[in-house]
Amino acid sequence: MAKRAEAGGVMHFLEVFAVGCLIAAAIFHVCMLIAFEQLTNKINKYGPNLVTKSSKALPQIDPNSPLIPLELKNRFQLYRQAWMVVIAIFIIPVVIYAVTKAYVS
């Protein structure tokens, strides 16, 4: 009985932590979308359609384009990499919770 109560406490912590990470990931995602939009506007001042957006993916640029200043290219790539790393970090507790929940249940 004690192990079951202990497992319940750990599961509750993981559940709260996973939900918190999902909320943090959502907030970070919205902030990054705003940052990408502002950076896209700066880049598109140098020419039309330099930033390509697909409906579900992150925006992309041609890293070999001579029209885009190097500083903006580097910042754009940094934003993309930061987005991927931070979202992955926020999703790890959700995956751990889901796997743990599957084995405990």
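This dialogue walks through how to read some features of the structure above.

Visitor: What kind of model is this, and how are residues numbered?
Guide: This is a predicted model, in which local features need pLDDT of at least 70, side-chain atom pairs count only at pLDDT 80 or more, and totals for chains, interfaces and linings use all residues. Residues are numbered from 1 along each chain as its sequence is written, and side-chain values use heavy atoms, with hydrogens and water left out.

Visitor: How do I read pLDDT, and what does the protein chain average?
Guide: pLDDT is the predictor's confidence in each residue, from 0 to 100. Here the protein chain averages 86. A score of at least 70 is reached by 91% of the residues.

Visitor: Which elements have the lowest and the highest mean pLDDT?
Guide: Start with how elements are named. Helices (H or I, at least four residues) and strands (E, at least two) are DSSP runs, numbered from the N terminus. Among the elements of the protein chain, α1 has the lowest mean, 84. The highest, 91, belongs to α2.

Visitor: Where does UniProt place the feature "transmembrane region"?
Guide: Read such records with care. UniProt positions are given in the numbering used here, feature names are shortened, and annotations may be inferred rather than shown by experiment. The unreviewed UniProt entry gives residues 12–36 and 82–100. In the model, residues 12–36 are 100% helix and 0% strand. Their end C-alpha atoms lie 36 Å apart. Residues 82–100 are also 100% helix and 0% strand, with end C-alpha atoms 28 Å apart.

Visitor: How far apart in space are Val-19 and Val-94?
Guide: Compare the sequence gap with the C-alpha gap. Val-19 and Val-94 are 75 residues apart in sequence. Their C-alpha atoms are 7.5 Å apart in space. Val-19 is found in helix α1.

Visitor: Is Val-19 buried, exposed or partly exposed?
Guide: Buried means under 20% relative accessible area, exposed over 50%, and partly exposed in between (1.4 Å probe, protein chains only). Val-19 counts as partly exposed because its relative accessibility is 44%.

Visitor: How many aromatic pairs are there?
Guide: Rings of Phe, Tyr and Trp (its six-membered ring) pair if their centres lie within 6.5 Å; planes under 30 degrees apart count as stacked, over 60 as edge-to-face and the rest as tilted. The count comes to three aromatic pairs. Take Phe-36 and Phe-76. Their ring centres are 5.4 Å apart and their planes meet at 65°, so the pair is edge-to-face. The pair links distant parts of the chain: Phe-36 is in helix α1 and Phe-76 in helix α2, 40 residues apart.

Visitor: What about Phe-36 and Tyr-79?
Guide: Their ring centres are 6.1 Å apart and their planes are at 85°, so this pair is edge-to-face. Again distant parts of the chain are linked: Phe-36 in helix α1 and Tyr-79 in helix α2, 43 residues apart. Phe-36, Phe-76 and Tyr-79 form one aromatic cluster. Phe-36 is buried at 2%, and Phe-76 is buried at 0%. Tyr-79 is partly exposed at 23%.

Visitor: Which backbone oxygen lies 2.6 Å from the side chain of Thr-40?
Guide: A polar contact is a pair of N or O atoms within 3.5 Å; within protein, one must be able to donate a hydrogen and the other to accept it, and residues adjacent in sequence count only if both atoms are side-chain atoms. For Thr-40, the oxygen is that of Phe-36. Thr-40 sits in helix α1, residues 2–44. Its relative accessible area is 2%, so Thr-40 is buried.

Visitor: Which residues does Thr-40 touch?
Guide: Contact means heavy atoms within 4.5 Å. Not counting residues up to four places away in sequence, Thr-40 touches Val-51, Lys-53 and Phe-76.

Visitor: Where is the place of Ser-65?
Guide: Ser-65 is in the loop between β2 (60–61) and α2 (70–104). Ser-65 is buried, at 8%. Its side chain reaches the backbone nitrogen of Leu-67 at 3.3 Å. Leaving aside neighbours within four places in sequence, Ser-65 contacts Leu-50 and Lys-73.

Visitor: How many disulfides are there?
Guide: A disulfide is a pair of cysteine sulfur atoms within 2.5 Å. The count comes to zero. Cys-21 is in no disulfide; its nearest cysteine sulfur, that of Cys-31, is 16 Å away. That is too far for a bond. Cys-21 is buried at 8%, whereas Cys-31 is partly exposed at 45%.
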